[in-house]
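Dear colleague,

Please find the structure below, together with its sequence.

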Amino acid sequence: TVSFLEDQKIGVIGRNGAGKSTLCKIITGQEEADGGTLSRASDLRLSYLEQHDPYKLEETVIGFLTRYTGKEEWQCGKVAGRFQLKNELLDVTIGALSGGYRTRVKLASMLLSEPNFLILDEPTNFLDLKTLILLEEFLQDYNGGFLIVSHDREFLKKTCEHTLEIENGGCILYPGSVDEYLIFKEEQKEQAMSYNKNIEVKQKQLQEFVDRFRAKASKASQAKSKMKQIEKLKKIEVDHPLSNVHIKIPPVERKSGIALTCDDLAIGYPEKLVAHKIRMEIHQGAHVAVLGDNGQGKTTFLRTLAEDLAPKSGKYRWGYGLKIGYYAQHVFTALDPDKDVYSHLSNAAAPGVTRQEILNIAGSFLFKGEDVKKKASVLSGGERARLSLAGLLLTKSQVLLFDEPTNHLDFETVEALGRALKNFSGTLFFISHDRTFVNLVASEIVEVNSGAVRRYPGSYEDYVYHLENTLRAELSQTDGTRSPTGKPAAKSKSNYHLKKEMDSEKRKLAARIKKVDTELTVYKKEHQNIHQHFMSDSMSWSRERHERYEALTKLIETHEHLWLELTDKLEALLKKALH
């Protein structure tokens, strides 16, 4: 039993299979409830992000939006502009757009019905980071309410003010963010357990009295009274807690030296060049996040490294004797339908992996007890994806290539996987738009953009911060859409919202400056140590030391430039606040 207010912004969390999507489908009328009642306000205008594609690939963006929504072109253009679908992009056929841009088209069509409450079930799956940030920006300014199911903790933190947990067949609506709710939940559990311990002590003391004096006639009535007291001492029922997820990846042999070398590599398909002149060296043990907009070639790059696609020209080579494991977005479709969960994992596991290790990994990915006997043919798409991922972790590959491994996982499992991979001693290349996951795992960034694949010199936080600022600057400019009168559409905000935005921006800038300053100190110290080592013992100078010295030089230069840029922005904001 739960009720949602018209302007509540609610993040929905819960383990896979708990019923989050089922609840959404019942609210939207796609499924019938098994019992109870569902009441809607008379003025409710509900809209949801459709899982199927309502457009035809040969339709243009503006053609589909006007047909599907019945709105005028200017209205469609105005809403589409919020998702950077404007000017010539409105006349492009939808079939020519990447997956991220097609989702933007669906979001625009959803909003053109002028809803006052939205249902979004896993809207971030397969979205590139830029589209994700645009969706966040929209939802932060949205006047109505919404219910968002997502495994992306950062996305929920930035868009939702309330948290709904679906757990153990029930639900709890908490008036706070997902982080605040999880802290509250932990405190409640600790309080209940502490109370229960005290009850156990009292029960024990009373029972000792009863056992000691029950047989004595003079004390019999007191003993009987104590028996009643014991019966009245009730413990607080602690719901069977969903076990915290722990993933332990079987250890792989730690190697040193170069893991991957690319020499003038060009990637793509027989009919299309995606990127060329790729030159890089990646050391063993690096955890590389492959980032960029959808459609730019991230998956093509990974498929090439996995030998799933031949290079168009140039070459790449892996370090000697490295075993490569590859998880593709749709790899689960190749599972043998007649094999059960345990058989698949056992076949995938490297020699020496124990039965207990296999069961532990299975349990981490929510295959517990009798679940390991389920055949692949009866598993859902999400369950098959988790099974494929678990199998790959058991192969003891020294190099793992992951394309969107966090889709189909709840955020507890996402973060458990992130913590496990952070400690993985092998080399890792992965594509993910889940910021919490990337931040946990990545030690290096490779960006795929505009026909190039390059290493990004800063940290992942630098990358996200730069992207957010670029998009905000673009959104703050007039979007070129016009009202029926031909005048640019006006946009205004209250002084309260402007002050709130300014205060938030000041806090973010101050935190960023502090972080950049700390990183700069660390880089300068390491740079100085390498320099001193060279001055005292130049004969032991190695190629690895030289490359690290050069990399540190670039990082110091980038961070100093970033520090100045951030400081200037903060000073400008402080001056603006004074006026």
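The following paragraphs set out what was found.

The model is predicted: local features need pLDDT of at least 70 and side-chain atom pairs count only at pLDDT 80 or more, whereas totals for chains, interfaces and linings use all residues. Residues are numbered from 1 along each chain as its sequence is written, and side-chain values use heavy atoms, with hydrogens and water left out.

Six strands form an open sheet with mixed pairing, in the order E2-E3-E4-E1-E5-E6 (strands are DSSP runs of E, at least two residues, and helices runs of H or I, at least four, numbered from the N terminus; two strands pair if DSSP finds at least two bridges between them). Strand E2 (46-48) and strand E6 (170-174) each have a single partner strand, so one side of each lacks a neighbour in the sheet. E2 pairs with strand E3 (residues 117-121) in the parallel sense over three bridges, and Leu46 is opposite Phe117 of E3.

The structure also contains four cavities of 30 Å³ or more (on a 1 Å grid over the protein atoms alone, a cavity is a set of points where a 1.4 Å probe fits but cannot get out, and lining residues have an atom within 4 Å of a point; points are joined across faces, edges and corners, and a volume is the space filled by probe spheres set on them).

Yours sincerely

Note on methods: 1 Å grid on protein atoms, 1.4 Å probe; cavity = no way out; pocket = protein on both sides within 12 Å on 5 of 7 lines; lining within 4 Å.
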